[in-house]
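Please keep the sequence and the coordinates at hand while reading.

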Amino acid sequence: MVIHRIFNFSAGPAVLPLPVLEEAQRDLIALPGVGMSVTEISHRSKTFEALLTRAIEDFRELSGLPANYKVMLLQGGASLQFSMVPMNLLTDGRPADYVDTGTWADKAIAEARKVGDVRVTGSTKADGYSRIPSAAEVSLTAGAAYVHITTNNTIEGTQWKTLPETGDIPLVADASSDILSGPLDFSRFGVIYAGAQKNLGPSGVTLVIVRDDLLARSTSTLPTMMSYKVLAENNSLYNTPNTFGIYLLGLTMKWLKSLGGVAGIAAINVRKAGMLYAEIDRTGFYRGTAQKESRSLMNVTFRLPSEDLEKRFDKEATAAGLDGLKGHRSVGGMRASIYNAFPTEGVSALVEFMKEFERKNG
Ligand code: PMP
């Protein structure tokens, strides 16, 4: 049987590395040496605990995470973290600072407001979220409980290049759409969370990293399943986790290590995004929606001269095996999501398609 895979530009769930899918397919019915599927074994079995430990150890190695952080693989998506972060960290009446850089940041703010006192300390909403605010535009509240940022804005196609200086105030980040895509000094953060379905594996797993000292903020009155302290103490096994998702995340970590880790993939990501932005900037037919200094390496957003042309572009691209290029419904336009697992050949194919489309319609 010939398997035909097209180029999948989806923003998430997104393309997974082929070697990951192949290994999962090969071992689906019986894990070597186990004789049962990974989906059939207890989450408390030695086999699964070893898989979980390995996945987390590999993540630690790839990220260079210092020892004083806990790594958890939870459920509920990044969206649940919008609530869990304030429920755990906003516990003593102090305000939390949030930087508003896009639709997802905005959602995080709305959820935190249900829990406590939230101040928006910088926003680029007035610019249509086309950029990340400068350091001068982010004014922190003295004594804030934490500062929340969204490292990569999946819908708008912008990405932080320099982290804000927060001093003693813990920096909290939603890194759903760029985790492990390039160098990041994890020691700068108090909490980092990310839905797995873009750069880490399949949907249904959420990576949550919490610095040890912050676990003391989780009060005993929190619902058990919302408590970072309880979940960390139980090594992500307080209840039944997404075992298959964690297995796939583990395989994705192994794949990333085989490419030379974050340094290896970062070079590939810079090259892929560079190819696309060069084509967008080549003539003016395409127009990048993010301001140049804020451009994302993961989600490349652009427009065409008219909405009609955008519709035609999407239709013809899909027919040519370039799937998922339509921008988020809230902003329109086009979006090429090119996470770690997205192949360079797919970017070349899109660039060729863009040239040809412009030749015919420009
Ligand atoms: N934050 C960001 C930056 C995202 O891109 C997304 C999903 N696209 C979310 C949060 C929401 O994630 P989930 O669907 O895992 O709750």
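**The ligand and its surroundings**

Helix 3 (residues 77-89) supplies the largest share of the shell around the ligand, namely 4 residues; helices (H or I, at least four residues) and strands (E, at least two) are DSSP runs, numbered from the N terminus. The model is a predicted one, in which local features need pLDDT of at least 70 and side-chain atom pairs count only at pLDDT 80 or more, whereas totals for chains, interfaces and linings use all residues. Residues are numbered from 1 along each chain as its sequence is written, and side-chain values use heavy atoms, with hydrogens and water left out.

The residues surrounding the ligand are G77, A78, S79, F82, W104, T150, N152, T154, D174, S176, Q197 and K198, where a residue is near a molecule or strand if one of its heavy atoms lies within 4 Å of it. By class, this shell comprises 3 nonpolar, 7 polar and 2 charged residues. Here Ala, Val, Leu, Ile, Met, Phe, Trp, Tyr, Cys and Pro count as nonpolar, Asp, Glu, Lys and Arg as charged, and the others, Gly among them, as polar.

An oxygen atom of the ligand lies 2.6 Å from a polar side-chain atom of S79, and a nitrogen atom of the ligand lies 2.6 Å from a polar side-chain atom of D174. For Q197, an N or O atom of the side chain is 2.9 Å from an oxygen atom of the ligand. Of the 400 Å² of accessible area that the ligand has on its own, the protein covers 85%; these areas come from the Shrake-Rupley method with a 1.4 Å probe, and for residues only the protein chains shown count as cover.

Buried means under 20% relative accessible area, exposed over 50%, and partly exposed in between (1.4 Å probe, protein chains only). Strand 5 runs parallel to strand 3 (residues 96-100), to which 2 bridges join it; two strands pair if DSSP finds at least two bridges between them. Y98 stands opposite H148. With strand 8 (residues 171-174), strand 5 is also parallel, and 4 bridges connect them; there, L171 is the bridge partner of V147.

Strand 12 (residues 299-303) pairs with strand 14 over 4 bridges, and V300 stands opposite A336.

**Aromatic pairs**

The structure holds 15 aromatic pairs. Rings of Phe, Tyr and Trp (its six-membered ring) pair if their centres lie within 6.5 Å; planes under 30 degrees apart count as stacked, over 60 as edge-to-face and the rest as tilted. Y286 and F313 form an edge-to-face pair, 6.0 Å centre to centre with 75° between the planes. This pair links Y286, in the loop between helix 7 (261-283) and strand 11 (287-288), with F313 in helix 8 (residues 307-319), 27 residues apart. Both Y286 and F313 are buried.

F313 and F353 also pair edge-to-face, at 5.1 Å centre to centre and 80° between the planes. F353 lies in helix 9 (residues 344-361), 40 residues apart from F313. F313 counts as buried because its relative accessible area is 0%, and F353 because its relative accessibility is 14%. Ring pairs link F285, Y286, F302, F313, F353 and F357 into a cluster.

Methods: Polar contact = N/O pair within 3.5 Å; in protein donor to acceptor, adjacent residues only side chain to side chain.
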